[in-house]
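Subject: Structure handover

Hi,

Here is the structure I promised you. Please open it first, then read my notes below.

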Amino acid sequence: MGIKTIAFLYNVRHFYLDVADYRNQLEADFDDPITTKWQIKRLKNLGFKIIPIEANENAYLKLKRYKKEIDLAFNVAEGIYGKDRELQIPAILEMLQIPYTGSSPLTHAFALNKGKAKQIFQAEGIPTAPFQIIKTAEFTLDSKLKFPLIVKPVAQGSSMGITNKSVVNDIDSLKKQVAKIITAFKEPALVEPFLEGREFSIAMLGNPGEVLPIIEPNHSMLPKGYLPFDSYEVKWYFEEQGNSNYLMCPAKMDKKLEIRIKEICHEVWKALEVLDWCRIDIKCDKENNPYVLEINSPAGLIPPEVSTTSYFPLAARTAGMDYEQMLLQIIKTASYRYGLKIK
Ligand SMILES: Nc1ncnc2c1ncn2[C@@H]1O[C@H](COP(=O)(O)OP(=O)(O)OP(=O)(O)O)[C@@H](O)[C@H]1O
Ligand SMILES: [Mg+2]
């Protein structure tokens, strides 16, 4: 019997995005209602019956109620509450034995927590910048860390808490920024060297994941006043304001760098036991040496009706897959893994 019914697991924004207000950034990882609407429509266009389920406290009850009918869950949920939120839905799906797209709870937990992911990268010999996890406003800076440094929340996405002020050049600014992150996000801050070279974002799809055309944000295009990196303002305002050529895909680079980046991505995939799809962010130092910043185990999948700058769909599009073909490919990849047939 083939897959007829798909449960779609998502989180949606209940507040408006306002870059000046950190409270609103707390929901930045969630999708806009219009995004969710189009994602459901596009899944329906593929001929499946779709049961939309918001990944909130009621998700378990709904999944249990519909369990017999659901052939596969399509998971783009970020999860609510708690520091390990991304693993909530996969854990529930495991418990209910419902097959689902994407990685298992273990991978999501490590992918969301940049510090833990970096410890795994270090243990596996995967290049990642040295770092320090800071839990309190008073701390001693690790002597390995040299300015300029960047301060990020340890376990968020969508550049939450990452603005021009996140890049610091002295101990006072560092302390201020660390305190701000700890207070606003109620979680530790991750401090690491600010890498000043090229940035690449790499979408992977399949089992094992194949690298789709690599994306490079063209930081030289940013107006005066923006530092050359993808801060919250750049990701959510600059990219969306018709600056479509800001994202270069496929990124131009010499063969040696391309081979090295692909090699690193496959190592990340293996080290974190990723399944079906993910997106990896890499930044180079001034000498063009690539370092892994982080991995997104569910990456954003904003449909072209809403945005044409969503990284994973952009990489898929460059590879020749339109949005629906991309969704179908994720479904097929997961189904194959479970030994399920599509229709
Ligand atoms: N060590 C670093 N050096 C230079 N720039 C950095 C560094 N860490 C992060 N950045 C910049 O900040 C952006 C956001 O950082 P990062 O990817 O770690 O966070 P995120 O919020 O999880 O991102 P995403 O939107 O992909 O979920 C990066 O794309 C990069 O431009
Ligand atoms: Mg990122």
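How many residues of domain 2 are in contact with residues of domain 3, and how many of domain 3 with domain 2? Ten residues of domain 2 are in contact with eleven of domain 3. Contact here means heavy atoms within 4.5 Å.

Some ground rules. This is a predicted model, where local features need pLDDT of at least 70, side-chain atom pairs count only at pLDDT 80 or more, and totals for chains, interfaces and linings use all residues. Residues are numbered from 1 along each chain as its sequence is written, chains are lettered from A and ligands numbered from 1 in the order in which they are written, and side-chain values use heavy atoms, with hydrogens and water left out.

**Domains**

The protein is divided into domain 1 (5-102 + 334-338), domain 2 (130-193) and domain 3 (199-321). These bounds come from an automatic or database domain assignment. The C-alpha centres of domain 2 and domain 3 lie 23 Å apart. About 850 Å² is buried between domain 2 and domain 3, and carbon and sulfur atoms give 53% of it. Buried area is the accessible area (1.4 Å probe) that two parts lose on being put together, summed over both. Ser-158, Ser-159 and Asn-164 supply 52% of what domain 2 buries against domain 3, more than any other three residues.

**Ligand 1**

Where does ligand 1 lie? Domain 2 and domain 3 both give residues to its shell, so ligand 1 lies between them. The shell holds 23 residues. A residue belongs there if one of its heavy atoms lies within 4 Å of the ligand. The closest are Lys-152, Ser-159, Glu-199, Asp-230 and Lys-235.

Now the polar contacts (pairs of N or O atoms within 3.5 Å). A polar side-chain atom of Lys-152 is 2.6 Å from an oxygen atom of ligand 1. For the side chain of Lys-235, an N or O atom lies 2.5 Å from a ligand 1 oxygen. Gln-156 uses a backbone N or O atom, 3.3 Å from an oxygen atom of ligand 1. Taken alone, ligand 1 exposes 610 Å², and the protein buries 97% of that. These areas come from the Shrake-Rupley method with a 1.4 Å probe.

By class, the shell has eight nonpolar, five polar and ten charged residues. Asp, Glu, Lys and Arg count as charged; Ala, Val, Leu, Ile, Met, Phe, Trp, Tyr, Cys and Pro count as nonpolar; the others, Gly among them, count as polar.

Best wishes

Definitions and conventions
Polar contact = N/O pair within 3.5 Å; in protein donor to acceptor, adjacent residues only side chain to side chain.
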